[in-house]
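Subject: Structure for your review

Dear colleague,

I am handing over the structure below, together with an account of what was found in it. Please read the notes beside the coordinates.

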Amino acid sequence: VTRVPKRMSKTPKIDAGAKYQPIRKKLTGIVGFDQVTGGGLPEGRCTTVMGGPGTGKSLFALQNLLHRHRTFGEAGLFVSFEEPVERVRANIAALNWSFAAIPEDEVMLIDALLPADAVQTGAFDLCGLLAGLSARKTRTGACNVVFDGLDALISNLNDEYLERRELTRIDEWIRSEGMSAIMTVKFYSRSEQEQKRADVIQYLTDCVVCLDGTLFGAKLSRTLRVVKYRGSGFAGNVVPMAIGQAGVEVIPAQMARSGYPVFTQRISSGIGRLDAILGGGYIRGSSILLSGAPGTSKSSLAACLVAAGCAAGQKAIFVSFDESSFQTVVNMKSIGIDLDPHVASGRLAMMSLQPSALSPEESFLQIWNLVRDHEPDILVVDPLSVFADTTHPFAAEISTDLIDLAKSKGITFLSTSLLDTAAGEIENSASQVSAIADTWLHVSYVVQNGERNRAVTIIKSRGTAHSNQVRELVLSGHGIDLVDVYVGDGRVLLGSARLDKQQQELKDERVQTVKHKRRKFEIERSIAELRERRRQTSEELTSKQQEAELEDALEQSRIEAAQASAAMRAQLRRQTDDQIRPPQRQRVRSKVRK
Amino acid sequence: MNVRILGVDPLPALVISEAAVNHEVQLTLFVTGSAPSSVRAKINLEKALSETGHPQRYRVTVIDLCADPTIAIIENVIVTPSLVGTGLKLRQVLIGDLSDSVKLKAFLKSVAT
């Protein structure tokens, strides 16, 4: 009774201390895939890559093999069951892997095609091949092996049991040799035999990766999915991938949206007034969305940013989906934005993509490869809505991925988005880009009095106190400018209506001034008249007063004269009276004469 | 068989002894140790050769790849058992445990002519 717990307590101690080791992974060099799997494929184990024809199985395996050779100096064996090695070699030469530079001994391509005229009589096994591989391993020290198109050979066995036996044999060989292996197996999930083979392979191998290609319209959507990964967590989602010059490229969706470099520094939008209403320009490393109907000069606004950035010594990329790079340069020149010197100095890289020819993933990767090579400060994608317009399953994710990746590198990202509502009343953007974008400018048409005018509004601008006013966007041969719109009388006027109104106001103002001057003049004149009149009146008054004084004096003298004459008369009378008494009257008369 | 030709063809150069020149047809059976299919192939080949009535026309060499895996590289043997027949005209390959006696006899006949 007492011995049992003793043993139990003893065993885990040893195991935990000595034997437990987390699974070791090795990077495949396919960046997105290494992210999805958290470090690549398991080391010293077998991985199966399944998928239909043309889904990139062989490429995936080869890429991993070459990456391990290049990065870790590990030799590898590539066993081709389907294609002659010359053709494999030619296929790799078409990619930019500089495969020819690798010594044949270090990445060995092994032809495992049965001779065309080989006749089969009964069961066989793969011991011969494995013996040969063991010998090669001893010689080259290879630790990676790829079995490419294994199903081509083992399906000759025409027997489920025998197939399973050979698969097990390979698996055992891989384990005993301690190699990291990739088996690629075609899988259409059409026949029962394939399904059974897939089942066997899935439990035999430690990691299973499924590649798929689905047509959406005329575009192929390539996807990758990690179906299982023993001893490791993994993102089991379907992730988009693409095949290009660099081989297989995987775009991991759902990247963590945190840990971005954050900037407060502003960069000029290239338009002084716009900078002013944005509180100093766009924030560096932020994402800007320019939405609007066709022809609302979204591209021109984008070009302004690029031109200003390049002029300030920054590097930029202008990706155009609508027109060729050359056309963009010529068009921008017409409104006074000259991109030529920046292209010539190497600061500006221009790229034109055909959305009809590329899937969103492929476009994304082309852009991203350019970003990696050019290391820009500013990235413009014109328009980003080509991704959102398609029915492609990853279209929306791709656009957000693009923003994410730009942010993670501190690149100021400006995208334009085409909206078909020409009037621009509905300010919705087709993708969720508008939600992720930090700054959203909307350019719309305002139709008034028989003309269309462009109006810019800042719908949002994170981290910025911004104006809520609509501005009029004016294009001229000297570039773009923003003009305050006429707001008043309960109306918003733009364009010639605004000009009319402004001139009318000016005229009215002048008329008012003139009127005022005339009124003032009239008043002054009447004041002058009144003053004159007052002067005249006072003169008249004075003369009247003088007249009155004269009158008084006259009256006085008349009175005095009258008194005098009365006195004389009185004297005369007395004299007359005296004549009656003559002596007296004579005397009196002589007195008067005296 | 012409020695010069043997020199060009790696198969006879490796496995054919001088005595083999006397034989018209060279048969090489690649096996791996005592794997069941290899053992079956050996038995089936012996049986078929005796049934041809002219076993002396065939010079049979059995190569065990487990014993000497480098031969597997040089000969590029993919599956075992493989029977390689080198006649005057052609080099022909028969794969599997040779259990189909009709196919095996046809092979022996065609390689000898």
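Buried area here is the accessible area, taken with a 1.4 Å probe, that two parts lose on being put together, summed over both. The model is a predicted one, in which local features need pLDDT of at least 70 and side-chain atom pairs count only at pLDDT 80 or more, while totals for chains, interfaces and linings use all residues. Residues are numbered from 1 along each chain as its sequence is written, chains are lettered from A and ligands numbered from 1 in the order in which they are written, and side-chain values use heavy atoms, with hydrogens and water left out.

The interface

On that basis, chain B and chain A bury about 2000 Å² between them, with 62% of it on carbon and sulfur atoms. Ile73(B), Ile78(B) and Ile95(B) supply 35% of the area that chain B buries against chain A, which is more than any other three residues. Counted by contact (heavy atoms within 4.5 Å), 26 residues of chain B meet 25 residues of chain A.

For polar contacts, the criterion is a pair of N or O atoms within 3.5 Å, where within protein one must be able to donate a hydrogen and the other to accept it, and where residues adjacent in sequence count only if both atoms are side-chain atoms. The rule finds 11 residue pairs in polar contact across this interface, both residues being at pLDDT 80 or more. The elements of chain B that give two or more residues to the side touching chain A are α3 (36-52), α4 (69-75), β4 (91-95) and α5 (101-112), where helices (H or I, at least four residues) and strands (E, at least two) are DSSP runs numbered from the N terminus.

Strands are taken to pair if DSSP finds at least two bridges between them. An open sheet of 5 strands with mixed pairing has the order β6(A)-β4(B)-β3(B)-β1(B)-β2(B). Its edges are β6 of chain A and β2 (58-64) of chain B, each with a single partner strand, so one side of each is left without a neighbour in the sheet. Strand β6(A), residues 119-120, pairs with β4(B) in the parallel sense over 2 bridges, and Gln120(A) has Ile95(B) as its bridge partner in β4(B).

The sheet of chain A

Chain A also has an open sheet of 9 strands with mixed pairing, in the order β5-β4-β7-β8-β3-β9-β10-β11-β12. Its edge strands are β5 (107-111) and β12 (247-250), each of which pairs on one side only. Within this sheet, β3(A) (residues 46-51) runs parallel to β9(A) (residues 207-216), joined by 5 bridges, and Met50(A) stands opposite Cys210(A) in β9(A). β9(A) in turn pairs with β10(A) (residues 219-229) in the antiparallel sense over 10 bridges, and Gly217(A), in the hairpin of these strands, takes a positive phi near 65°.

With regards
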